[in-house]
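Subject: Structure handover

Hello,

Here is the structure we talked about. Please have it open while you read; my notes follow below it.

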Amino acid sequence: MRKKKLAFVFSGAAARIAQQAVMMRYLVQGKAFKDGKTLVPTVLAGASSGAISIVALNAILLTEGLVEGGELKERFSWSDYEQIIGSINRKDVYNAGGVLRSALEFVGDGAIFDTTPLRELLEETLEKRIGFHTLGDLPVRSYISVVEQETGKIHRLSSVDHPDLPLVDVVMASAAIPILFPPVELMLPGKSDTAACVDGGTGIDMIPVDAIHRDRYDRVILIRPQPYDPEKKWFKDPPFSDVRIVKHTINNFMFIEEALMDYAFHRAVWHDGGRVYCYVPDLECNHSPLDFESGSEQLQKTEEWAGSDQNRPKLVKNCI
């Protein structure tokens, strides 16, 4: 009997990654759909912080014996992952260094913030604790999108086709929000030298549906955080959001993000809308992509939302 092919596709989420953590657990544990069946993906695709979701899910599936083909240095459970996500704070992700330092060093460094803390957290968790060192160590076929900074070209790096790439470098590159976080040098396919790479969700891969469209899947599930709603309050007001120009800048950024998400939904329908679902939470408040202090609250609120029988994955063609 043919094994069913199932794909999970993770959008960028930044600090809203906690929402994805709950939704992927519900999917795998059979709580998302009414039939109650455990869902084990045969392929994963993600961009930006969605790359972190991919790596964590690989480790969890291997820990639970749901996939084969990889080795763990230490078991890594759902609770282990959610404990990290729930306790993380801004200083675990980046160093601000003060406005003056940021202004003075921006031109030289190419970014406002220093993401050394995030790299140290990933190295400690992925390499030293779990034992994942390269992209090829991921047992589930996985695609992680990055964007070449100088050309804007999207590269969908695969655990099968590019197994020797350092995993932490790939994840750091995919999550490198332009201007805010520094680019990461990667040896890209077909290149004779390394190239600076930034956030994989910068372009059309905000939800990287094109990474998997060449294969036909029995079901594809797009997993993204709560849509931005300007009518809702922020869970925590972004810094200086009471200043009109800052407020407008934040709104414009969020509107662009939503447009890229919507475009991905339309592309998914073009590929095969009858088999593609979206799993999208609807929470009471907006959560800032840079609010890394509210992980535990997002876990709790998403758990409450996902626990309702009315809040299940929906066909993408019914959501656009």
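Strand 3 and strand 4 (residues 154–158) run antiparallel and are joined by five bridges. Strands here are DSSP E runs of at least two residues, helices are H or I runs of at least four, and both are numbered from the N terminus. Two strands count as paired if DSSP finds at least two bridges between them. V147 stands opposite I154 in strand 4. The two strands form a hairpin, with five residues between them. In that turn, G152 has a positive phi of about 75°.

A word on the source. This is a predicted model, in which local features need pLDDT of at least 70 and side-chain atom pairs count only at pLDDT 80 or more, while totals for chains, interfaces and linings use all residues. Residues are numbered from 1 along each chain as its sequence is written, and side-chain values use heavy atoms, with hydrogens and water left out.

Back to strand 3 (residues 141–148). Seven of its eight residues are buried, so strand 3 is largely enclosed by the rest of the structure. Buried means under 20% relative accessible area, exposed means over 50%, and partly exposed lies in between (1.4 Å probe, protein chains only). Strand 3 also has other partners. Strand 2 (residues 43–47) runs parallel to it, with five bridges. There, A45 has Y143 as its bridge partner. Strand 6 (residues 195–199) runs antiparallel to strand 3, with three bridges. V146 stands opposite D199 in that pairing.

Next, strand 1 (residues 6–10). Five of its five residues are buried. L6, F8 and F10 lie on one side, A7 and V9 on the other. In a regular strand, side chains alternate between the two faces of the sheet. Strand 1 pairs with strand 2 in the parallel sense over four bridges, and V9 has A45 as its bridge partner. Strand 7 (residues 219–223) is also parallel to strand 1, with five bridges. L6 is partnered there by R219.

Now the helices. Helix 1 (residues 17–28) and helix 3 (residues 78–87) pack at an angle of about 165°, with their axes 10 Å apart. That makes helix 1 roughly antiparallel to helix 3. Axes are lines fitted to C-alpha atoms, for helices over the stretch in contact, and angles run from 0 to 180 degrees between N-to-C directions. Under 35 degrees counts as roughly parallel, over 145 as roughly antiparallel, 65 to 115 as roughly perpendicular and the rest as oblique. From helix 1, the contact residues include A21, M24 and R25. From helix 3, they include W78 and Y81. Contact means heavy atoms within 4.5 Å.

Helix 2 (residues 50–63) packs with helix 6 (residues 167–174) at about 145°, with the axes 8 Å apart. A51, I52 and V55 in helix 2 meet L167, V171 and S174 in helix 6.

Two residues of helix 2 deserve a look. I60 is in this helix, and is buried at 0% relative accessible area. Leaving out residues up to four places away in sequence, I60 touches F76, S77, W78 and Y81. Its C-alpha atom is 9.6 Å from that of R25, which is 35 residues away along the chain. S53 is in helix 2 too, and is also buried, at 0%. Beyond its neighbours within four places, S53 contacts F10, I17, Q20, M24 and Y81.

Best wishes
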